[in-house]
Amino acid sequence: MKTLSAKIKKNPYYVMWFKDAWPYITGAVLLSVFQIATLASTGNPWGVSAVFANWGAWLYELVGGSVDKWYYFASEGAQATLERGFLQDPGTMRNLGIIAGALFATLAASGFKFKKIKSWRQVLAAVLGGLLMGYGARIGFGCNIGALFSGIASFSLSGWVYAVFLFLGAVVGSKLLVKFFM
Amino acid sequence: MKEVELDCMGEACPVPLIKAEKEMAKLDIGDVLIVQIDHSCAMKNVPEWARKEGHNVEIEEVDDGEWEVIIEKVK
């Protein structure tokens, strides 16, 4: 058994496909191909964070709440998605697929590890960052996938505006990072 | 010929890279910097940066999801 796993680990195809990171260009081409497949099969371009808002709504409904009167979920499309439910939502399947796929990739590269939390500062930054990203993505109608990648791919000017401010935000974020985490 | 270890376990990008850059600036030619990481993105950008700077780089897989990037300062 040990010799077999040692053999697999040395196999050049295993190393190329599972162990080493793929080149950026491979990733770019695959993302584009799957973006087209997503648009063709679901009628909507790829988005990630809108799905999380729906998950929130379903969780809220699960404990007896109702989002029927919420402005964000007021459109017919949003209501229809919520009514179809968790298991009938292409976006939900895709997000679960991303998590499962990422897990598979780390396991296949034998790179899986439970990581230590280094400091409370890290926890605070993660929670704050997550809240800001989630709030920003919803108020701006998209994250870097829905608004940036899908936006630019659909020749929407808003995607480019997003790109400019994403860059500015990243500059400010990097400065803060160096200030508080170095 | 010094050998310096830099503990970047549990640190996410781009912290390991910035720490490695700062630490490298303090070293003399011939010294070795060992960056300990458990973040797979850092596995790409730390060696990439060091090779671009012209240093000798070796990567050692210490454990599942743990690596040491060994950088020898050559200039």
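Mentor: Before we start, helices here are DSSP runs of H or I with at least four residues, and they are numbered from the N terminus. Please keep in mind throughout that this is a predicted model.

Trainee: Is Ser110(A) buried, partly exposed or exposed?
Mentor: A residue is buried if 20 or more other C-beta atoms lie within 10 Å of its own, and exposed if 12 or fewer do. Ser110(A) has 15 other C-beta atoms within 10 Å, so this residue counts as partly exposed.

Trainee: In which loop is Phe141(A) found?
Mentor: Phe141(A) is another residue other than glycine with a positive phi, near 55 degrees. With 14 other C-beta atoms within 10 Å, Phe141(A) is partly exposed. In chain A, Phe141(A) sits in the loop between α7 and α8 (144–153).

Trainee: How far apart in space are the C-alpha atoms of Arg121(A) and Phe181(A)?
Mentor: Arg121(A) is part of helix α7 of chain A, and it is exposed because 10 other C-beta atoms lie within 10 Å. Along the sequence, Arg121(A) and Phe181(A) are separated by 60 residues, whereas in space the distance from C-alpha to C-alpha is 8.4 Å.

Trainee: Turning to chain B, which strands stand at the edges of its sheet?
Mentor: Chain B has an open sheet of four strands with mixed pairing, and their order is β1-β2-β4-β3. An edge strand has a single partner strand, so one side of it is left without a neighbour in the sheet, and in chain B this applies to β1 (3–8) and β3 (56–63).

Trainee: Which residue of β4(B) is the bridge partner of Val35(B)?
Mentor: Strand β2 (residues 32–37) of chain B pairs with strand β4 (residues 66–72) of chain B in the antiparallel sense, over six bridges. Within this pairing, Val35(B) has as its partner in β4(B) the residue Val69(B).

Trainee: Which strands of chain B does helix α1 touch?
Mentor: Helix α1 (residues 15–26) of chain B packs on the sheet, and its direction makes about 160 degrees with that of β1(B). The strands of chain B that this helix touches are β1, β2 and β4.

Trainee: What is the omega of the peptide bond between Cys13(B) and Pro14(B)?
Mentor: Pro14(B) is placed in the loop between β1 and α1 of chain B. Although most peptide bonds are trans, the one that joins Cys13(B) and Pro14(B) is cis, with an omega of about 0 degrees.

Trainee: Are α1(B) and α2(B) roughly parallel or roughly antiparallel to each other?
Mentor: The axes of α1(B) and helix α2 (residues 40–52) of chain B come within 9 Å and cross at roughly 25 degrees. Angles under 35 degrees count as roughly parallel. The two helices, α1(B) and α2(B), are therefore roughly parallel.

Trainee: Which residues of α2(B) make the contact with α1(B)?
Mentor: The crossing of α1(B) and α2(B) is right-handed. From α1(B), the contact takes Pro16(B), Leu17(B) and Ala20(B). From α2(B), the residues that take part are Ala42(B), Asn45(B), Val46(B) and Trp49(B).

Definitions and conventions. Residues are numbered from 1 along each chain as its sequence is written. Chains are lettered from A and ligands numbered from 1 in the order in which they are written. This is a predicted model: local features need pLDDT of at least 70, side-chain atom pairs count only at pLDDT 80 or more; totals for chains, interfaces and linings use all residues. Two strands pair if DSSP finds at least two bridges between them. Two residues are in contact if their C-beta atoms, placed from the backbone, lie within 7 Å. Axes are lines fitted to C-alpha atoms, for helices over the stretch in contact, and angles run from 0 to 180 degrees between N-to-C directions. Angles under 35 degrees count as roughly parallel, over 145 as roughly antiparallel, 65 to 115 as roughly perpendicular and the rest as oblique. A crossing is left-handed if the near helix is turned anticlockwise from the far one by less than a right angle, and right-handed if clockwise.
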